[in-house]
Amino acid sequence: MKIVIFGDSIAEGRTQIEPHESYFLQLQQEFPQHSFINAGVGGNSTREMMMRYEHDVIAQQPNLVIFEPGGNNHDPRKGHEHRQVNDAEFVQLLEKFRSGLPENCRVVIVTFPPIINEQHQFYPLVPGGKLNEKLQTQREIIRHTAPENKWVLMDFYQQMYPHRYDLILPDGIHLNPSGHRFFAEKIIETLKNNFPEEFNK
């Protein structure tokens, strides 16, 4: 089975960790019978992700896509307003993703993990410092979109929120080594529970 993991820096999984600590390596070690492709690019908004969708996902003809959108849609820096993705466009981009999928390709869609507002570099740029809260409507869109499209929902935000201070780097957003282990464990659990024939061998 060919699995593409499509997303931003959380999916890319290379920020301030050693290669052997990566969630991606842990998935490869857990499921050596399957082929994993990392199509995460740090800093991508969902719009920017979808600009490379054809090349990085569709051209791979995957059997399963683990899709982690939404992390960079609210860049508050002056001069970066063009990068922002509002809720209406986010819905349109999810529809573009759905309509482009190869036939019989299955999907696990992942809500973006928590941001620790006071530790993030954008904290002073967001009214009230509520950067994490700005992402909530798009997390909710994902929660509604998943059953409508018969996608598996992995609500990583809810899974991780109670443990966020133990799992996130001092930058307030990226996963530390424990966070990578947690991410890998939740993906493994999701795959085994929802696709037992393929992932419980």
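Me: What end-to-end distance should the 14 residues of α5 span, and what separates its end C-alpha atoms?
Reply: Helices (H or I, at least four residues) and strands (E, at least two) are DSSP runs, numbered from the N terminus. The expected span is 1.5 Å times one less than the number of residues. For α5 this gives 20 Å, which agrees with the separation of its end C-alpha atoms, 20 Å.

Me: Within what arc do the buried residues of α5 fall?
Reply: Buried means under 20% relative accessible area, exposed over 50%, partly exposed in between (1.4 Å probe, protein chains only). The buried residues of α5 are E89, F90, L93, L94 and F97. They line one face of the helix, because the directions from the helix axis to their C-beta atoms fall within an arc of 145°.

Me: Which residue in β4 stands opposite I66?
Reply: Two strands pair if DSSP finds at least two bridges between them. Four bridges join β3 to the parallel strand β4 (residues 106-110). The residue opposite I66 is V108.

The model is predicted: local features need pLDDT of at least 70, side-chain atom pairs count only at pLDDT 80 or more, and totals for chains, interfaces and linings use all residues. Residues are numbered from 1 along each chain as its sequence is written, and side-chain values use heavy atoms, with hydrogens and water left out.
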